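User: Hi! I am new to protein structures and would like to look at one with you. Could we take it step by step?

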Amino acid sequence: MHPAPSVIIFTVLSGIGFAMLALLGIGQPEVNGFEAIPYYFVGITLAVIGLLASVFHLKNPKNAIKAFSQFRSSWLSREGVFAVISLVQSTFVLAIKVVFGFHPLLSGGVSLIICSFTIFTTAMIYTQLKTVPRWNQWLTPFVFFLSSYTGAAIILGQVLLGFLLLLMLTVVQIAYWIIGDRAFSKRGHTIETATGLGRLGKAREFEPPHTGQNYLLNEMVYVVGRKHSIKLRTIGMLFLVGLPLPILWFFNVSFAMVVSVFCLHLVGLFICRWLFFAEAEHVVGLYYDKR
Amino acid sequence: MTSLPNSTDKKLGLVIDLDICVGCHACVVNCKEWNTSGYGAELSDQDPYGDAPMGTFLNRVHTYEVQPDVGPAQIVHFPKSCLHCEDAPCVTVCPTGASYKRAEDGIVLVNEDDCMGCGLCAWACPYGAREMDLAAGVMKKCTLCVDRIYNENIPEEDREPACVKTCPANARHFGDFADPDSAVSKMTAERDGMELMPEQGTKPVNRYLPPREKQNEVDILAPFLKPVANSPKGFLGWLDKTLDRI
């Protein structure tokens with residue numbers, strides 16, 4: 001799949017933003033009064049930047065408002081609806097904290113639930129697609145959950161939580177790659193099942209339907225990313241957990257340390273999210289005898 | 001809501017006979033011609049006279065080479081357009097309600113006034129049947145020529161999809177698969193019409209009639225036939241002998 005910058009920025013930043021709002025909702029860390037404003041500001045800003053980036057993915061954004069209408073059947077629509085609900089509800093929690101100066105346990109808990117569900121709906125946009133076997137597996141939502149919450153825990157200075165989440169993210173990310181690498185062939189999709197020509201023999205593309213590119217090839221048959229897959233996975237993991245882990249372990253918590261660890265982690269997350277798209281093979285490639 | 005209808009009264013679709021298709025691409029051209037001037041936004045081209053031309057098409061013809069275990073390979077021309085699936089994944093993923101499947105005849109359509117061009121439906125389609133029009137920014141797909149098949153302003157014999165009407169080899173047929181007595185249902189039953197990528201569970205309506213296996217056997221009596229003389233006679237024979245002598 002084509003790794004469009006708009007969807008990479010969307011999934012990474014809005015994921016971390018909503019996870020921040022969820023963690024702030026359960027008092028990790030507990031900040032009240034005017035002190036809460038900068039924390040919530042960063043969370044809401046990240047979520048909104050991500051959502052705005054996703055609008056740049058649209059070819060006809062004037063109809064974007066209609067995306068809130070199909071929440072009963074469409075995960076993308078649910079994502080839009082819950083993103084707005086999460087932002088409004090978290091702003092409400094912030095208002096209570098600022099005005100009354102205490103941490104509202106119940107509404108904070110509600111923040112955790114709806115922000116988590118928003119991250120889940122983002123993951124389901126990709127997980128639901130049977131046409132991309134690498135995404136269509138139960139680990140995909142966990143990758144989105146853990147990567148969102150890990151980044152959020154780090155930037156909120158929750159060292160112990162961040163440390164544990166980094167370890168869990170390592171396991172899940174590697175498992176996702178191992179299972180994902182086998183997903184396509186395991187489904188049994190071949191050029192023969194795609195064309196039905198298997199009953200005659202072994203098929204291959206003799207002449208493509210068009211000499212140049214088209215929308216399908218540009219969007220869904222992106223083969224560049226797989227060439228350096230192993231190197232990029234290694235570099236990605238180095239930034240995602242390899243460097244942040246020892247820094248979190250050995251250094252004292254300070255603003256500079258938290259920001260630098262978060263920046264390293266974010267670089268790793270962007271590399272891994274780029275791979276998430278670039279490595280994903282769509283079954284339509286079979287018609288072009290390409291993966 | 002972009003939910004699928006539980007069932008449709010008719011199941012309109014195409015039968016494509018891979019045994020007959022000669023790969024002339026006339027269906028591709030006529031599809032583009034009709035649909036660029038009919039239903040919805042036109043089918044644009046990008047850089048049509050430049051180095052990297054590309055454009056929006058609702059129907060494309062692939063060509064495959066199939067190698068059996070023994071014998072020579074066989075070339076199969078393979079037209080591909082929307083299969084109007086009963087369980088169409090492109091419809092349910094749509095966030096705006098632009099994609100829908102009609103309860104009356106099963107045609108899968110895009111209401112371009114609602115489409116925001118997110119492209120998720122094209123990702124959900126296993127067959128590559130949907131292409132985003134890069135000029136209009138909306139998703140385009142085969143409409144089964146909905147503006148022809150019910151069009152009372154054109155002669156009755158023209159009320160079938162443009163690709164079917166134009167096929168010079170009669171490799172494409174249009175009809176109702178819900179009616180077991182329709183020509184398309186009978187053809188599918190007689191020739192073991194196949195679904196594409198059935199493991200995706202989309203239940204496509206369109207069916208493909210498989211190509212026949214090539215007859216590779218030579219008649220057992222062939223060795224006993226009298227060989228055909230290959231030495232020339234008459235003027236050519238004289239010329240042959242004369243030239244040999246020089």
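User: Which hand does the crossing of helix 3 of chain A and helix 4 of chain A have?
Analyst: Helices here are DSSP runs of H or I with at least four residues, and strands are runs of E with at least two, numbered from the N terminus. A crossing is called left-handed if the near helix is turned anticlockwise from the far one by less than a right angle, and right-handed if clockwise. For helix 3 and helix 4 of chain A, the crossing is left-handed.

User: How are helix 3 of chain A and helix 4 of chain A oriented to each other, roughly parallel or roughly antiparallel?
Analyst: This is a predicted model, where local features need pLDDT of at least 70 and side-chain atom pairs count only at 80 or more, while totals for chains, interfaces and linings use all residues. Residues are numbered from 1 along each chain as written, with chains lettered from A and ligands numbered from 1 in written order. Helix 3 (residues 75–100) and helix 4 (residues 105–127) of chain A pack at about 155°, with axes 8 Å apart; axes are lines fitted to C-alpha atoms over the stretch in contact, and angles run from 0 to 180 degrees between N-to-C directions. Angles over 145 degrees count as roughly antiparallel, under 35 as roughly parallel, 65 to 115 as roughly perpendicular and the rest as oblique, so these two helices of chain A are roughly antiparallel.

User: How many residues of chain B does the contact take?
Analyst: Residues are in contact if their C-beta atoms, placed from the backbone, lie within 7 Å. Chain A gives 51 residues, and chain B gives 55.

User: Which strand of chain B supplies the largest share of the side that touches chain A?
Analyst: With 8 residues, the largest share comes from strand 4 of chain B.  Strand 1 (residues 202–207) of chain A pairs with that strand in the antiparallel sense over 5 bridges, where pairing takes at least two DSSP bridges. Ala203(A) stands opposite Val66(B), and Val66(B) lies in the strand you asked for: strand 4 of chain B.

Terms used: Contact = placed C-beta atoms within 7 Å.
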